[in-house]
Amino acid sequence: MQPIIHNLFPTPIYTTKINRGFTKQELNFVKEQEKHSSKNQGNINTKDNYILNKKEFKNIKKFLNDCCKDYIKTIICPKNNVELYITQSWLNYTKENEYHHKHNHGNSIVSGVLYFNANKDNDNITFFNKENYEQISPEINNNKFNVWNSQSWWLPVETGKLMMFPSSTKHQVDNKKGSNTRVSLAFNTFYKGTIGSNSKLTELIL
């Protein structure tokens, strides 16, 4: 019998694409907001951290809300009527040789990134395994990295792609290659509804 390897407790990286091109109004708004940004560690981001509340992003927010509904229905599968609602949201601008530092998102359940400008040949995002101390850590053969022995894994990104993942997942963008300015919209979420159980004394009404 061939051995079977079970992938227990994997980290979900929800990936989809917006089913249309971005409108001229949306792209002009994104370009204008770069003028109202402040320096981050490695790149810049908008001072407005509730950018999805702007009327120019009304349809973008609807698309993201629909994806939040699909994420919780497909991945979390709550028993009670629970929703994910978007809290903060902002735009990131990363030019050639800039980067986005390694980080995760506090006070959030699921985070997401929608790409307004990204080149799949040059642009990617790197995710990191939970940083547990490894007392014994053998060197891995360069062409034998897989989902079990890797401490990080990168995925290509492109214009129109959306990625959503548990907010605790650490991620970063390495030094930007290519002449395009990589533009992404990031957002956080939180639960709305009743989670836990009344009888088990774990109920929380949000």
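Which residues do ring pairs link into a cluster? They are Phe22, Phe29, Phe57 and Phe116. Before you zoom in, keep in mind that this is a predicted model.

Across the whole structure, a search turns up 5 aromatic pairs. Another of them is made by Tyr14 and Tyr71, and this one is tilted: the centres are 5.8 Å apart and the planes make an angle of 55°. Why does this pair tie together separate parts of the sequence? Tyr14 belongs to strand 1 (residues 14-17) and Tyr71 to helix 2, so the contact joins parts that are 57 residues apart in sequence. Tyr14 is buried at 14% relative accessible area, and Tyr71 is buried too, at 2%.

While you're at helix 2, have a look at its charged side chains. Asp66 and Lys62 form a salt bridge, and their closest N and O atoms are 3.3 Å apart. Both residues lie in helix 2 (residues 58-76), with a spacing of 4 residues, or about one turn of the helix. Asp66 is partly exposed at 36% relative accessibility, whereas Lys62 is exposed, with 52%.

Lys55 counts as exposed, at 66%. Then there's Asp48, whose side chain meets that of Lys54 in a salt bridge with an N to O distance of 3.6 Å. Here both partners are partly exposed: Asp48 has 22% relative accessibility, and Lys54 has a relative accessible area of 36%. The count for the structure comes to 8 salt bridges.

Now for the cysteines. How many disulfides are there? The count is 0. A disulfide would need the sulfur atoms within 2.5 Å. Cys68 is likewise in no disulfide, its nearest cysteine sulfur being that of Cys67. Cys67 is buried, with a relative accessible area of 6%, and Cys68 is buried at 0%.

The largest pocket has a volume of about 940 Å³, and 25 residues line it. To find its centre, look for Phe9, Pro10, Thr11, Asn129 and Val147, the lining residues that lie nearest to it. Strand 7 (124-128) and strand 8 (152-156) are the elements that give two or more residues to this lining, and strand 8 gives the most, with 3 residues. By class, the lining has 12 nonpolar, 10 polar and 3 charged residues.

The second largest pocket has a volume of about 150 Å³. Asn129 turns up in its lining too, along with residues including Glu134, Phe145, Trp148 and Gln151. By class, this lining has 4 nonpolar, 4 polar and 1 charged residues.

Finally, the structure holds 1 cavity of 30 Å³ or more. The largest cavity has a volume of about 140 Å³. Of the 16 residues that line this cavity, Asn92, His100, Val113, Val173 and Ser184 are the closest to its centre. Which strands each supply at least two residues of the cavity lining? They are strand 4 (82-94), strand 5 (100-103), strand 6 (110-117), strand 10 (171-173) and strand 11 (182-195). The cavity lining divides into 6 nonpolar, 9 polar and 1 charged residues.

Conventions: Residues are numbered from 1 along each chain as its sequence is written. This is a predicted model: local features need pLDDT of at least 70, side-chain atom pairs count only at pLDDT 80 or more; totals for chains, interfaces and linings use all residues. Side-chain values use heavy atoms; hydrogens and water are left out. A salt bridge is a side-chain nitrogen of Lys or Arg within 4 Å of a carboxyl oxygen of Asp or Glu. Buried means under 20% relative accessible area, exposed over 50%, partly exposed in between (1.4 Å probe, protein chains only). On a 1 Å grid over the protein atoms alone, a cavity is a set of points where a 1.4 Å probe fits but cannot get out, and a pocket is an open set with protein on both sides within 12 Å along at least five of seven lines; lining residues have an atom within 4 Å of a point. Grid points are joined across faces, edges and corners, and a volume is the space filled by probe spheres set on the points. Ala, Val, Leu, Ile, Met, Phe, Trp, Tyr, Cys and Pro count as nonpolar, Asp, Glu, Lys and Arg as charged, and the others, Gly among them, as polar. Rings of Phe, Tyr and Trp (its six-membered ring) pair if their centres lie within 6.5 Å; planes under 30 degrees apart count as stacked, over 60 as edge-to-face and the rest as tilted.
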